[in-house]
Amino acid sequence: MNSDVKPTETLDVRGEVCPYPDVKTQKKVKKMKSGEILEVLLDYPLSAERMPRSIEKMGHEILKTEKTGTGEWRILIKIK
Amino acid sequence: MTDASLMLAGLVIGIIFGFVLQRGRFCMNSAFRDIILMKEYTLLKAVAMAIVVQMIGFHIMATMGYIQLSPKTLYWGAMIVGGFIFGIGMVLAAGCASGTTYRVGEGMMGSFVALLGFMIGGLVTKGGALKDLTSYLQPTEGALKAITTDNAGPYVGNANLTLANIFGLNPWILVVIIAVVILAVLVWKRGSEETKAEGTLYEKIFKTGWNWWITGIIVGIIGIIAFYTFQNYALGISGGWFGFLDALLTGKLPRLGSGMLNWFTFLVIGVVIGAAVAAVIAGEFKFRAPDAKRLLQQFVGGVLMGIGAVIGTACNIGHILSGVPQLALSSILGGIFIVLGCWVAAYIMFMRG
């Protein structure tokens, strides 16, 4: 998992079902400070598509969405 | 159609349906829940598009004499109670009947557990310990009995109420008005939430999730083909799974001569196969499971969906996807309470505090 940015924290929601990956990520994002980077690891396809949209709507920046393996994704979020 | 070809047709349509459900992430639990939870409307737009396509398609086929509309019986108490229980259940199960079924094909074991609960809850309510509740809410006499009409109007093959025949209107008047309104809203609200699809056509079809309008149109077309093929009704999920477990338990295997069981059971098995094929090609198939607490939650949700689907006479597919386009009052009422149950459960589980 090569990364150009070093995440402040990592949230592993692999295995979680709809909509917990999104809900847990949103909760985590709200607790973090401006400028910090959250790395989210997930394996639920719908959340991998929906999460970047909903997080951007919250005003945060999506640095990266990448497929890291079969049915697994990694999303990097920069807190506003 | 012969029974064998009907079975095969059910399987083939199921495989295509499952493929599309997986590619489009077509789940009504997400569609309705995300309205209040995330202000996300992408899947809702897909559902609305599918309803419009089918509403027009069903009425064209009925006008040309290829099918007769078959709105479900309006047991108003059963639609309210069953729909509400189903709506709560699908939030706990993390997927509606179709969402749970296609996710089994993606390798999600939580949805597999929910599906087991769904089949058990369904059979328990149909002919088991809770069957008295079903007959109480679907009685032949009294205040809760079925409300029917003596004048079902054109294209309708039974005595059940629709939004058209209750007012003595030609269904086409409503079909045109509803279609224009929904399409206008969809065009007005298009785009802003679309998936950014890049890459070749192959990648757009097999690798990335589909745009909502493509999913909606194709789901709608599948529903039209299903109605034309099966004749009695369009797509449904719950009947197929209940029939499947029933056949396993009683030994009365789906066989030639019982077209209903054949068609719906082969359809749902096809959905799992089609979703698995789509997930494997997209590199999204993975055996995965949540923790024990979540598995139990999904099982309970599945049981509630089974209870609700039997009491309310259909799941989200039978009511919202197949019944609402026929303008069936039963399905409109059942659908409203499925959505209300979903919202109440989502609020309690995710939005308090």
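Helices here are DSSP runs of H or I with at least four residues, and strands are E runs with at least two, numbered from the N terminus. Chain A of this predicted model has two helices and four strands by that count. Read from the N terminus, the elements of chain A follow the order β-α-β-α-β-β.

Now the overall form of chain A. Its radius of gyration is 11 Å, close to the 12 Å that the globule rule gives for 80 residues, so chain A is as compact as a globular protein of that length. Along the principal axes, its C-alpha atoms fill a box of roughly 30 × 25 × 15 Å. Buried residues make up 34% of the 80 in chain A. Among contacts in chain A with a separation of 6 or more, 61% join residues 24 or more positions apart.

Next comes the interface. Here 16 residues of chain A are in contact with 22 residues of chain B. Two helices of chain A, α1 (20-31) and α2 (45-57), each supply at least two residues of the side that touches chain B. The largest share of that side comes from α2(A), with six residues.

Last, the confidence scores. The model has an ipTM of 0.91 and a pTM of 0.94. Chain B averages a pLDDT of 93. In chain B, 95% of the residues score at least 70.

Key. Residues are numbered from 1 along each chain as its sequence is written. Chains are lettered from A and ligands numbered from 1 in the order in which they are written. This is a predicted model: local features need pLDDT of at least 70, side-chain atom pairs count only at pLDDT 80 or more; totals for chains, interfaces and linings use all residues. Two residues are in contact if their C-beta atoms, placed from the backbone, lie within 7 Å. pLDDT is the predictor's confidence in each residue, from 0 to 100. The radius of gyration is taken over C-alpha atoms; the globule rule is 2.2 Å times the number of residues to the power 0.38. A residue is buried if 20 or more other C-beta atoms lie within 10 Å of its own, exposed if 12 or fewer, and partly exposed in between; C-beta atoms are placed from the backbone.
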